[in-house]
Amino acid sequence: MPTLDDLKVGHCALIKHIQDPDVATQALRMGISVGETITCLARVPSGPTVIQRGGMELAIGQALSQQIEVELQ
Amino acid sequence: MSSGRATVASDPHVCSGGPHCSTVSDIAIDNATETIALAGNPNVGKSVVFNALTGLYTNVSNFPGTTVGIPSGMMEGNRLLKDTPGVYGISKFSEEEMVAEKAILAADKVINVMSALSLERDIFLTQHVIDYQKPMVVVLNQMDEAEKNGVIIDIPKLEALLGVPVIPTVAVTGEGLNQIIPTLSQARVGNPMPDCPDPEQLKALEDNPVQRLHIYGLRRQYINALVHQVLSNNEAKKQTFSFSRLLGKLLLNPVVGAISGLMAMVALYQIVGIWISVNLVDITEKKLMLGYIVPGIQALFSSFLPKTSALYTILAGEFGVFTMSIQYIFGVLFPLILGFYIYISILEDCGYLPRIAVLCDGLLTKIGLNGRAVIPIILGFGCVTMATVSTRVLTSERERTIASTILAITIPCSAQIAVIVALMAMAGGLKAWAVFIGVLSLVLIVMGTALNKLLPGKSTSLILDLPPMRVPSLKNIARKTWVRTMVFLKEASPLFILGSLLVSVMQVTGLLGLSERLLAPLTVDLLHLPTQTAQIFIMGMVRRDFGGAGLYFLAHQLSATQILTALITIALFVPCIASFTVIAKERGTRESVMLLAGSWLIAFAVGALTVRAIELSGIL
């Protein structure tokens, strides 16, 4: 399954599963949970993925983004 | 509105000697009728609310985690208001979260600041505190920006659903802030989420990571439904094109980001390295200090002390307590630090720093850090002491150890920049710069990589909220610069005076000469430097820039290779007394002693290797 790290700028994706419980916990607080749709706003090659949800922009490091499984919309 | 009297205070657990550590008088705290914690996510305008309520200028920041320590102040009605670090939740994911949790749970009431722009995110903390049954008032800030973006919030409904008073505000203009104090008496325990256990049980459950995830999931579900009922968007008003968003996005593009980052560095070098440290310091130090103030002080002392006496040398001689320290603090350091902090405050306030953090994340991951560490590292170029305290923004102990080590050893502070710039010109300009930067970067990379491999555990990954880009506010910049500069002067001045006292006593008693001879094997044999360079190493321990300055006075007797070697060795050499004290407090005795020994070893080893490499290659 593709992860957040596979997204390209402009992609929309549905969050399917987050492997690490700590990551899932932190994401929940930020308003990112399984079943939400996010947009990829920017990519740093072999670095963080910047996603947008509502009015919020969030940068997620590569090690984390590889753990967040998504479904392309 | 403001009761005026306020100081920055502290919790012994939080403020281990950090900068914001003066205390609200104990009597004031004893007399306080109640304790109120100010809580909220980063970048919601919490500090502005704090200032409005207490009259104190705290450090307002557009980057999460730059408030260090817990500022407290007295507010109307004899209430003690405690500001807490901006956090996304109270889940013990970082030291800041623990600090915030402790302050929130210990308070009688909570003022929770939310941003109308990020209601969905901010409300998680709000509901969390409600679930802990703390009497609360919600301040819904940034209403103006929300309106501009077409966000409509049904405030009466939000109030009803949360079960606590909600005050809409625009903190930057002060709108609505005068409602906070009158509303405090109506603070109440809100509506906990359905089937929420009582606070003690809840806390026990949330201490277990698996249970916590489950509870957080339920809470998120509950508040998402809640937000859905109160939040609507006025599509017509919604800006389709926002310059701030576009700029923010553009700066995250690797190419644009690299170019703008480079430009920012060149600008910093030009402003701090050339305009201030060469041009301005030329006026403040040479013309003002050496032209008027220092001769004035010397004349004053010579009126009652013979110029040849030991006491005169100690008090008003070349390294005198009243001459060298005043000349240095006000002639050199003050303009430098001021300029540096103004520059950093601008970058911080406009929202550029977090974007640099995102771009650097990939590189920093390789040395066991993440993007967040750019803050301490950039601050380190200003003053390593302050920067060491700010490593608290990092999530794990492992990252804090790596960052503190890198700061103490490889980052030259702004006080050194002036002498480095001047000495580089003598040592061959561009080529010397290339060697200097190359050697320091190499040490940084090797050391970081080694620590990342050797230290147990693993470092955390970046999760960073990017605030919108905005035009920096003059008021914020002035405030931040002022607080930081004052803290720096308060922290540095006594150590400076102590340092000059030490050096002049050593000079008078002949210890300076003795130590020069004792250090000769290191300076002469290992580094191929003349004997008298030993004094620059001794002075470098007092303050790093003392070393550089000492070198400057000796420079005319040295070759280009010798200048460069000495400069690299001093740059890597022990942190100054001030930062060492802070490292010892922040990182503990064992780690600080290892760091001290390590820095000596690395400095002399790298210095010895560099001098031989330069001599062999004949590069200079």
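This is a predicted model: local features need pLDDT of at least 70, side-chain atom pairs count only at pLDDT 80 or more; totals for chains, interfaces and linings use all residues.
**View 1. Helices of chain B that line the second largest pocket.** Two or more lining residues come from each of helix H11 (254–302), H13, helix H14 (352–366), H15, helix H17 (397–410), helix H18 (414–426) and helix H19 (430–454) of chain B. The most is given by H11(B), which supplies 12 residues.

**View 2. Packing of H13(B) against H15(B).** Helix H13 (residues 324–349) of chain B packs on helix H15 (residues 374–382) of chain B at an angle of about 155°, and their axes are 9 Å apart. H13(B) and H15(B) are therefore roughly antiparallel, since angles over 145 degrees count as such. Ile337(B), Phe340(B) and Ile344(B) of H13(B) meet Ile378(B), Leu379(B), Phe381(B) and Gly382(B) of H15(B) in this contact. Six of the residues in the contact of H13(B) with H15(B) are nonpolar and one is polar, with no charged residues.

**View 3. The interface between chain A and chain B.** Here 33 residues of chain A are in contact with 30 residues of chain B. The area buried between the two chains is about 2,800 Å², and carbon and sulfur atoms give 62% of this area. Within chain A, the residues that lose the most area to chain B are Leu28(A), Arg29(A) and Glu57(A), which together account for 27% of what that side buries.

Key. Residues are numbered from 1 along each chain as its sequence is written. Chains are lettered from A and ligands numbered from 1 in the order in which they are written. Side-chain values use heavy atoms; hydrogens and water are left out. Axes are lines fitted to C-alpha atoms, for helices over the stretch in contact, and angles run from 0 to 180 degrees between N-to-C directions. Helices (H or I, at least four residues) and strands (E, at least two) are DSSP runs, numbered from the N terminus. Angles under 35 degrees count as roughly parallel, over 145 as roughly antiparallel, 65 to 115 as roughly perpendicular and the rest as oblique. Contact means heavy atoms within 4.5 Å. Ala, Val, Leu, Ile, Met, Phe, Trp, Tyr, Cys and Pro count as nonpolar, Asp, Glu, Lys and Arg as charged, and the others, Gly among them, as polar. Buried area is the accessible area (1.4 Å probe) that two parts lose on being put together, summed over both.
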